[in-house]
Amino acid sequence: NITQQQPQPPPLTPSTQQLLGVASEALSQPQPASPADHVKQDEQHQTQHQSLPSTTGRFAAPLSTAAIDEKMKARRIPEKTQQSTRYGVSMWEDWAVNRNKANSRNCTQVGDKYITVPVQLKSVSAEEMNFWLTRFIFEIRKQDGTPYPFK
């Protein structure tokens, strides 16, 4: 266990000491704390915080995972974002099905690491997503067949 020694701050001037309301004796270098001192400090800290109410104006009561999921679904994601996400996922699924049909007609490239586009995105690795997302962006078209404009 290696302890790094922190640099010491410059001494406070008498006017700063007066402003802070401390005497120069109070600013002398503290003695290194022993492990027992740390335990005492932790116990004091816990005792002080046990006397606080469980919720204050700044912190809400602890939530379960189910409650967090419910809140996220209900109101944390704006409706427009939800619509855009559904549209994007729907486009991905349509493209993936179409691309997989083309691959079944021997349209795959030699050397491609991945052959089948995953239709469901929940189990896709980051590497595979990167591989397919690049192709999705370049291959997707408007309904009339024209490419989307670059922004």
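Let me start with Glu127 and Lys113, whose side chains meet in a salt bridge with 2.6 Å from N to O, where a salt bridge is a side-chain nitrogen of Lys or Arg within 4 Å of a carboxyl oxygen of Asp or Glu. This pair links distant parts of the chain, since Glu127 sits in helix α5 and Lys113 in the loop between α4 and α5, 14 residues apart. Helices here are DSSP runs of H or I with at least four residues, strands are runs of E with at least two, and both are numbered from the N terminus. Glu127 is partly exposed at a relative accessible area of 47%, whereas Lys113, at 56%, counts as exposed. By those words I mean that buried is under 20% relative accessible area, exposed is over 50%, and partly exposed is in between, with a 1.4 Å probe and protein chains only.

Before going on, please keep in mind that this is a predicted model, in which local features need pLDDT of at least 70 and side-chain atom pairs count only at pLDDT 80 or more, while totals for chains, interfaces and linings use all residues. Residues are numbered from 1 along each chain as its sequence is written, and side-chain values use heavy atoms, with hydrogens and water left out.

The pLDDT, which is the predictor's confidence in each residue from 0 to 100, has a mean of 76 over the chain, and 59% of the residues reach 70 or more. Confidence is lowest in helix α2, residues 35-50, with a mean of 59, and highest in α5, at 92. The chain has five helices and zero strands, and buried residues make up 12% of its 151 residues.

Let me return to the salt bridges, of which a search of the whole structure finds three. In another of them, the side chains of Arg99 and Glu139 meet at 2.8 Å, N to O. Here too the pair links distant parts of the chain, with Arg99 in helix α4 (residues 79-104) and Glu139 in helix α5 (residues 126-139), 40 residues apart. Arg99 is buried, with a relative accessible area of 16%, while Glu139 is partly exposed at 33%. There is also a salt bridge between Arg86 and Glu79, whose closest N and O atoms are 3.3 Å apart; Arg86 is partly exposed at 47%, and Glu79 is partly exposed at 44%.

Now, which residues of α5 are buried? They are Glu128, Phe131, Trp132 and Phe136. Seen down the axis of α5, the buried residues fall within an arc of 130°, so they line one face of the helix; the arc is that of the directions from the helix axis to the C-beta atoms. The face turned away from this buried side carries the exposed residues Ala126, Asn130, Ile137 and Phe138. Among what covers the buried residues of α5 is α4, with contact meaning heavy atoms within 4.5 Å.

Finally, I would like to look at Asn100, which is found in helix α4 and is buried, with a relative accessible area of 18%. Leaving aside residues up to four places away in sequence, Asn100 touches Ile115, Thr116, Val117 and Val119. A polar atom of the Asn100 side chain lies 2.7 Å from the backbone nitrogen of Val117.

Methods. A polar contact is a pair of N or O atoms within 3.5 Å; within protein, one must be able to donate a hydrogen and the other to accept it, and residues adjacent in sequence count only if both atoms are side-chain atoms.
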